[in-house]
Amino acid sequence: MKMLINVPETVVADALRGMAAAHPELTVDVENRVIVRRDAPVAGKVALVSGGGSGHEPLHGGFVGPGMLSAACPGEVFTSPVPDQMVRAAAAVDSGAGVLFIVKNYTGDVLNFDMAAELAEDEGIQVAKVLVDDDVAVTDSLYTAGRRGTGATLFVEKIAGAAADEGRPLERVEAIARQVNDSSRSFGVALSAVTTPAKGSPTFDLPAGELELGIGIHGEPGRERRPMMTSGEIAEAAVDAVLSDFDPRNPVLVLVNGMGATPLLELYGFNAEVRRVLGERGVAVARTLVGNYVTSLDMAGASVTLCEIDEELLGLWDAPVRTPGLRWGM
């Protein structure tokens, strides 16, 4: 496979150097793999720290900035960052108001963030943790005990980030983040396999005439494979999988998320089908976001995330945000 890289061994460091060059509003520590808001710590503000394996960009480093994360810790491709990164990030952004770790439910991430929380607390930093586990496709997976953390991570980081920027205390920011996760469900579909730089070829075999329903963001197996379907049929399968797990009575936020290689032309067409199905199922939509936000390198496909919201959460979603990967109202 052709890739726009130098060598696989430096792909993360090279990307971080490029991010630093493009975004002077961020402090990017290439050696220690930490991305921080340049104005951190912000006095009196709860700090949000997240992280995970590289390859899901703009998640998480692209969501560092006013209105979202205070810092992010990128690991190697599809590999958890290590506790030292998380402790360094927490120390860099802690103003004394506490730090919230936002953790996708993958075994390595959970173990390392748990260890980092203990180490940070030993240094006098108050830490709370929220686990994101929104994927309804499977219960246990290749890297996970329980449900995987996927598209809802964006909703948690945005809404909790807005709450923190308003000056709310750590306990309230944590509660809002948990509410968002508990109110969110996701389902993904792969049209092609993912290729990692180290392997240089697809990590699993998906024949040209087939798709995989319920795929994970690292290429983990989903629920089933089927012959290729239309956009409308895929939307029905994805939305129905989500709605079979929860019954929103309030309007929802919708994230139609590309897996990395699916162009916006197709994603907007897919969103039209998702909105059609939601309308037929009687689900009201408050806001919609379409694009590549929680990706899997060069995988073709998409995921659908729904988050049931109230007026408070909608206000926090609409609040200004300014990050490399998401911005409005500033």
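**A buried aspartate and a set of salt bridges**

Asp94 sits in the loop that runs between helix H2 (83-93) and strand S5 (99-104). The model here is a predicted one. Asp94 is buried but takes part in no salt bridge; the nearest side chain of opposite charge belongs to Lys45, 10 Å away. What Asp94 does have is a polar side-chain atom 3.4 Å from the backbone nitrogen of Gly98. Leaving aside residues up to four places away in sequence, Asp94 also touches Pro41, Val99 and Ile125.

Salt bridges do turn up elsewhere, and the structure holds 23 of them. One of these pairs Arg168 with Glu166, with the closest N and O atoms 2.8 Å apart. Another joins Glu312 to Arg172, where the closest N and O atoms are 2.9 Å apart. This second pair ties together distant parts of the chain, 140 residues apart: Glu312 belongs to helix H8 (residues 311-318) and Arg172 to helix H5 (residues 170-182). Glu312 counts as partly exposed because its relative accessible area is 29%, and Arg172 is partly exposed at 30%.

Glu236 and Arg276 also meet in a salt bridge, 3.3 Å from N to O. Here too distant parts of the chain are linked, with Glu236 in helix H6 (residues 231-243) and Arg276 in helix H7 (residues 264-280), 40 residues apart. Through salt bridges that share partners, Glu236 and Arg276 join Asp240, Glu273, Glu280 and Arg281 in one network.

Then there is the nonpolar side of things. Met1, Met3 and Ile5 make a nonpolar surface patch of about 270 Å². Met3 lies in the segment before helix H1 (11-22), and its relative accessibility of 30% makes it partly exposed.

How values were computed:
Residues are numbered from 1 along each chain as its sequence is written. This is a predicted model: local features need pLDDT of at least 70, side-chain atom pairs count only at pLDDT 80 or more; totals for chains, interfaces and linings use all residues. Side-chain values use heavy atoms; hydrogens and water are left out. Helices (H or I, at least four residues) and strands (E, at least two) are DSSP runs, numbered from the N terminus. Buried means under 20% relative accessible area, exposed over 50%, partly exposed in between (1.4 Å probe, protein chains only). Lys and Arg count as positive and Asp and Glu as negative; His and the chain ends are not counted. A salt bridge is a side-chain nitrogen of Lys or Arg within 4 Å of a carboxyl oxygen of Asp or Glu. A polar contact is a pair of N or O atoms within 3.5 Å; within protein, one must be able to donate a hydrogen and the other to accept it, and residues adjacent in sequence count only if both atoms are side-chain atoms. Contact means heavy atoms within 4.5 Å. Patches are made of residues with over 30% relative accessible area and no salt bridge: like charges are joined within 9 Å, nonpolar side chains (Val, Leu, Ile, Met, Phe, Trp, Tyr) within 5 Å. Accessible areas come from the Shrake-Rupley method with a 1.4 Å probe; for residues, only the protein chains shown count as cover.
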